[in-house]
Amino acid sequence: MNKKITSTVILILALAAFTPNSFAAFDAYKIVGSSGSFDEKTVFGFDDPSPYLYMRLPENGQAFTGSFWRDPDATIFYMSTTGSTPDRDRWITLSDWDTVKKVGGWEVNSNYFYTTGATGFGSTNFTVTPEPLAMTLFLIGGVPIAVNLYRKKRLLKA
Amino acid sequence: MKKFLLISIMFFVMCFGTAVNNAHAVGFVELFPVNSPISTTPQHYFDQGETPYLYMKLSIPDSAIAATISGWNDPDGLGYFSDLEVNANTERWAFLSNWSSVEKVGTWTIHANYFDSFGNNTVASTDLNVVPEPATMSLLLMGGIPLFFKRKQRIVS
């Protein structure tokens, strides 16, 4: 009986020793439409104002927050930070959003870090859609081409 | 037979655990205080007036960029942040730009944070000790010894 208990304890300890450290997550973590907003928004028009990342930190105290914004090509990362402030509710965006914005899916990975060593991580996504005018122009140009292609195919079949 | 089975399972768990840990060996490879922004020799004791630097050797995934920042906690528990560094360099030196105004004698605990564009987030810690400069110690002794003798004389009389 004792042997069984000892073996189980050793197994649990071995498992615990090799389990990666886990960190606390943000209390809230989402994309919103403006600074100060709490309403989640995951789809943005190309000409919409820049998306903001809203984060609520788990505790009070001086903390640094940083975020990497991955563009739809998944090759370029943009860094945005809030620096060290005591605020628990924070909103950050890309200051150069108008020059870097792209249609497609974006991923935002962020972390917080207190001087005490406490840290946490969050990840979320949002999508940028083409503006309506661009869509209209695309359709105006695309429909005749599609019709032409369809006709050609029919003629070839005949 | 049972013993053999148990030992085999434990061996497998340990090997698997090590393999998993090594596969995710991203972040700090080395972390310790040094005495200059080019040194890679650990130094844990600093005289007052000497500026300590935090040396960080990193393992960064290919094509990722990493942000590092460190929190320096003084002997009274007050915390200060070093500057943030964001690039792909695998060797970095961080320090407190306001060290001369915040330095205190005693043990400092430093926590460093690694965060990369792939979402890897880790923390490592080290510490350093600030000792009173020799001149301060001499002055303390010069003032302290006469006081000590006076007190002793009083007790005797």
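Which side chain does a polar contact of 3.0 Å join to that of Arg88(A)? The partner is Asp27(A). Keep this pair in mind while we walk through the structure, which is a predicted model.

Let's start with the layout of chain A. Its secondary structure consists of three helices and eight strands. Read from the N terminus, the order of these elements is α-β-β-β-β-β-β-α-β-β-α. Chain A has 158 residues, and 32% of them are buried. If you take the contacts in chain A between residues at least 6 apart in sequence, 60% join residues at least 24 apart. The accessible surface of this chain is about 9400 Å², and carbon and sulfur atoms account for 60% of that area.

Now back to Arg88(A). You will find this residue in the loop between strand S5 (77–85) and strand S6 (89–92) of chain A. Setting aside residues up to four places away in sequence, Arg88(A) touches Asp27(A), its polar partner, as well as Met55(A), Arg56(A), Leu57(A), Pro58(A), Glu59(A) and Asn60(A). Take Glu59(A) as an example: 29 residues separate it from Arg88(A) in sequence, while the two C-alpha atoms lie 6.8 Å apart in space.

Next, let's look inside. In soluble globular proteins, nonpolar side chains tend to be buried together. Here, the largest nonpolar core has 22 residues, and those touching the most other members are Phe28(B), Leu54(B), Met56(B), Trp72(B) and Trp108(B). Several elements of chain B supply at least two residues each to this core: strands S1 (27–34), S3 (53–59), S4 (66–73), S8 (106–116) and S9 (121–131), along with helix H2 (99–102). The largest share, four residues, comes from S8(B).

Beyond its neighbours within four places in sequence, Phe28(B) is in contact with Met56(B), Lys57(B) and Leu58(B), with Ala112(B), Asn113(B) and Tyr114(B), and with Thr122(B), Val123(B) and Ala124(B). Apart from this core lies another one, of 20 residues, including Ile31(A), Ala63(A), Tyr114(A) and Val128(A).

Leu139(A), Val143(A) and Val147(A) make a nonpolar surface patch of about 240 Å². Leu139(A) belongs to helix H3 (residues 132–157) of chain A. Why does Leu139(A) count as partly exposed? The reason is its relative accessibility of 48%, because partly exposed covers the range between the buried limit of under 20% and the exposed limit of over 50%.

Methods
Residues numbered from 1 in each chain as written. Chains lettered and ligands numbered in written order. Predicted model: local features only at pLDDT ≥ 70, side-chain atom pairs only at ≥ 80, totals over all residues. Heavy atoms only, no water. Buried < 20%, exposed > 50% of the residue type's maximum accessible area, 1.4 Å probe, protein only. Contact = heavy atoms within 4.5 Å. Areas by Shrake-Rupley, 256 points an atom, 1.4 Å probe, with all protein chains shown as cover. Core = buried A, V, L, I, M, F, W, Y, C linked by side-chain atoms within 4.5 Å. Polar contact = N/O pair within 3.5 Å; in protein donor to acceptor, adjacent residues only side chain to side chain. Patch = residues over 30% accessible without salt bridge, like charges linked within 9 Å, V, L, I, M, F, W, Y side chains within 5 Å. Salt bridge = Lys/Arg side-chain N within 4 Å of Asp/Glu carboxyl O.
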